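Hi there,

Here is the structure I promised to pass on. Have a look at it first, and then read on for my notes.

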Amino acid sequence: LDVPRYRGALRVMAVSVSKERVGRAEAEVLVRDPIVVQTTMPRFLTKGDTFRVPVFLTNLSGKEREVSVQLVATPLAVPGLAEDPALPKIAPLTLVGEAQKAVRLKDGDAGTVLFDAQATQSVGAARLEVVARSGNLEFRDSVDVPFTPSAPKERTVQVIPLKAARTDVLPYLKG
């Protein structure tokens, strides 16, 4: 049974029909990875933000495992945002500490790995991906995160002469 990325229980039903009989059966099937990886990623970042990515791991493989975990950031092309070839390529974030961490989990045990990072990109977007490996098993969890500028996109300064009585500013406003 091919199931898209899903964790939880599914109800599987079967129906059989002949000329004389009708039969049915159903069962609950638990769908899970041998190593469950859950991450809490930021929804957006601003240059200079420091943040922590906790990675929650649960070993449901049936045996004790050493799980290696790493956080990878890949810049994403953003439509309408031109890339200047003259500017140096900057990684979207800098990891504070180790880029790869490991944890040993007994069957049924859970553990947490923490990654600290700092956003180095001003605008654009990046794919933040957590990769967990144990032997021939590999699991990924990713999210696309936009980088928002820390200042307004546009700043307009206007000088409006004020009269002694009342000044209507509505004609000066746009948008």
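Leaving aside its neighbours within four places in sequence, which residues is Thr50 in contact with? The answer is Ala117 and Gln118. Please keep in mind as you read that this is a predicted model.

Let me stay with Thr50 for a moment. Thr50 belongs to strand β4, which covers residues 50-59. Thr50 counts as exposed, because its relative accessibility is 62% and the cut-off for exposed is over 50%.

Now for the overall picture. The protein has ten strands and zero helices, so its pattern along the sequence reads β-β-β-β-β-β-β-β-β-β. The radius of gyration is 26 Å, well over the 16 Å that the globule rule gives for 175 residues, so the protein is more spread out than a compact globule. The C-alpha trace spans about 95 × 50 × 35 Å along its principal axes.

Of the 175 residues, 26% are buried. Among contacts with a separation of 6 or more, 64% are between residues 24 or more positions apart. The protein exposes about 12900 Å², and 53% of that comes from carbon and sulfur atoms. As for charge, there are 24 positive and 20 negative charges, and their mean positions are 4 Å apart.

Thr39 sits in strand β3 (residues 35-39). With a relative accessibility of 19%, Thr39 counts as buried, because the cut-off is under 20%. The Thr39 side chain makes a polar contact of 2.7 Å with the side chain of Asp141.

Glu129 is in strand β9 (residues 124-134). Its relative accessible area is 18%, so Glu129 is buried too. The side chains of Glu129 and Arg140 are joined by a polar contact of 3.1 Å.

Gly62 lies in the loop between β4 and β5 (65-76). Gly62 is exposed, with a relative accessible area of 54%. Gly62 and Val113 are 51 residues apart in sequence, and their C-alpha atoms are 21 Å apart in space.

Ser16 is part of strand β1 (residues 8-17). Is Ser16 buried, exposed or partly exposed? Its relative accessible area is 47%, so Ser16 is partly exposed. Setting aside neighbours within four places in sequence, Ser16 has contacts with Arg21, Val22 and Gly23. From Ser16 to Leu60 there are 44 residues in sequence and 34 Å in space, C-alpha to C-alpha.

Happy browsing, and do write back with any questions.

Best wishes

Definitions and conventions: Residues are numbered from 1 along each chain as its sequence is written. This is a predicted model: local features need pLDDT of at least 70, side-chain atom pairs count only at pLDDT 80 or more; totals for chains, interfaces and linings use all residues. Side-chain values use heavy atoms; hydrogens and water are left out. Helices (H or I, at least four residues) and strands (E, at least two) are DSSP runs, numbered from the N terminus. The radius of gyration is taken over C-alpha atoms; the globule rule is 2.2 Å times the number of residues to the power 0.38. Buried means under 20% relative accessible area, exposed over 50%, partly exposed in between (1.4 Å probe, protein chains only). Contact means heavy atoms within 4.5 Å. Accessible areas come from the Shrake-Rupley method with a 1.4 Å probe; for residues, only the protein chains shown count as cover. Lys and Arg count as positive and Asp and Glu as negative; His and the chain ends are not counted. The place of a charge is taken as NZ of Lys, CZ of Arg, CG of Asp or CD of Glu. A polar contact is a pair of N or O atoms within 3.5 Å; within protein, one must be able to donate a hydrogen and the other to accept it, and residues adjacent in sequence count only if both atoms are side-chain atoms.
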